[in-house]
Amino acid sequence: VRAVATTLSEAGFGSMLASADGSAAAALTVAQLDWIAELLGRPLGLGLYGHGELDLDLVLDDGWPAAGSTLRFPRDPLSATLLDYRIDGTGEASLTLEQGAPHPRARLALALADARAHRRDEDQPSVDDVRVDALLSVRDPFAESVEDVADGAELAVKIHSASVPDMRTYNPYLPGHGPVAFTGGSASLVGDLELAADSAKGELLLTAEDVGVALPGAELAGDLRLELLIHDGAAEDLRFDITGSSLTLSGFRVAGATASSAGTDWHARLQLEETEVLWQKPMHLDLKADITLKDTRPFVALVDDLRAEHSWLVDLLVMENLGGHLVLRVEGDGAVIEVAMLSGPEIGVHAKGRSTADGREGMLLLRWHDLSGALELHGARRHFDVVDARARFDAYVPGHAPPPFVRAAAPVSAPAPGPAPARDLSLIHI
């Protein structure tokens, strides 16, 4: 006792704790929780928001918190930020030190329910009814710098349930000048992810009912299922390798100005091959995929006006069970279809094109047995030609060489006077 008293009188209480071994328990009332995120170096955008009573069980080893120390926040209103998202709901949290070498590991466990989530740049929640568990592991909570503490942090996220009340939430991720947009529908979401600053893996499943999709000249409505497999990536950048994922459309109704189907039997599937996505608004996407379609009904409006003069197109548009592949690149507000191909026993449909802030352009190559034609699209202008269709299609490179008709129609400087060129009656202008 005399030795303890001497130490306290000469060096103070702190010096005794600096070399103390033992344990203690306490209840702490705190006005905010975000100091815990600061203590851990805010890895992967971590933030904690709430207030109340904390239960502390502290184990000291030579003055340092040791394995077995626990800080618990009982179930109460709780908000958390992770990566680029914020979740607000009711939840509980605990911070535990576990045995590690040479220092204990810190594990922060979060469990939230009845929560709503949104990206930090959104004013309103875009995902409701969230029930999620998250486990953040930090290798060395006692490193000399905050950066060293956060380095190597790992995050496991289990989304037990979540609902997306309006699929239009995802339109900002699509190219602003692209041809596709969601017009309605709702979805549910579950997932299991393992993330670090420079790695990612896991899976997400989004199932949507009565989703409305707008295409040029057509409206679709039906069910959507996105099975997202994440093989690698960088969670801190929201960049993911989603090779092997799939998108399935089923039970769709197709309606447009020129063609409609009251049935609910149209379906399509994309099976992704080498594909990477940068999940920002709008997203960046490099996609290769195999495609299967029931038929070409959603795209009838593009060539409907041609069927009166080219009857073989009627047969082309009613063929079913088509397969092919797609190579697509989305860069912010623009998108480029490098190649899209669909084929059946007697037909072939090839497409290229791009959409940017300056407009849309593209080409379709249509084949029925030995007949073929090339349809050029540039804004509201369309041009169909059966002469040298394949060669003209091959010569078009989206973003580099414009469609041949557009190129030929472009104004030239200071034309020399002379007789008007003879009209080419083989061309059909639309």
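This is a predicted model: local features need pLDDT of at least 70, side-chain atom pairs count only at pLDDT 80 or more; totals for chains, interfaces and linings use all residues.
I began with leucine 83, which is buried, its relative accessible area being 18%. The cut-off I kept in mind is that buried means under 20% relative accessible area, so leucine 83 qualifies at 18%.

Where does leucine 83 sit? I found leucine 83 in the loop between β5 (70-82) and β6 (85-98).

**Entry on arginine 42**

Next I looked up arginine 42, where phi is near 50 degrees, again positive in a residue other than glycine. I located arginine 42 in the loop between α3 (34-39) and β2 (47-49). Is arginine 42 buried, exposed or partly exposed? I noted a relative accessible area of 31% for arginine 42, so I wrote it down as partly exposed.

**Entry on aspartate 34**

Which side chain makes a polar contact with that of arginine 42? I traced it to aspartate 34, and the contact comes to 2.4 Å. Aspartate 34 belongs to helix α3, and I counted aspartate 34 as buried because its relative accessibility is 15%. Leaving aside residues up to four places away in sequence, I saw aspartate 34 touch Arg42, Gly47, Leu48 and Tyr49.

**Entry on a cis bond**

I then checked the peptide bond from lysine 281 to proline 282 and found it cis, with omega near -15 degrees. For context, I recalled that most peptide bonds are trans.

How many bridges link β18 and β19? I read off eleven, with strand β18 (residues 284-295) and strand β19 (residues 320-331) paired in the antiparallel sense. In this pairing I picked out aspartate 290, which stands opposite histidine 325 in β19.

I followed β19 onward to strand β20 (residues 334-343), and these two also pair in the antiparallel sense, over nine bridges. Here I marked valine 327, with valine 339 of β20 opposite. I also noted that β19 and β20 form a hairpin with two residues between them. Which residue in the turn has a positive phi? I found glycine 332 there, with phi at about 60 degrees.

Conventions
Residues are numbered from 1 along each chain as its sequence is written. Side-chain values use heavy atoms; hydrogens and water are left out. Two strands pair if DSSP finds at least two bridges between them. Helices (H or I, at least four residues) and strands (E, at least two) are DSSP runs, numbered from the N terminus. Buried means under 20% relative accessible area, exposed over 50%, partly exposed in between (1.4 Å probe, protein chains only). A polar contact is a pair of N or O atoms within 3.5 Å; within protein, one must be able to donate a hydrogen and the other to accept it, and residues adjacent in sequence count only if both atoms are side-chain atoms. Contact means heavy atoms within 4.5 Å.
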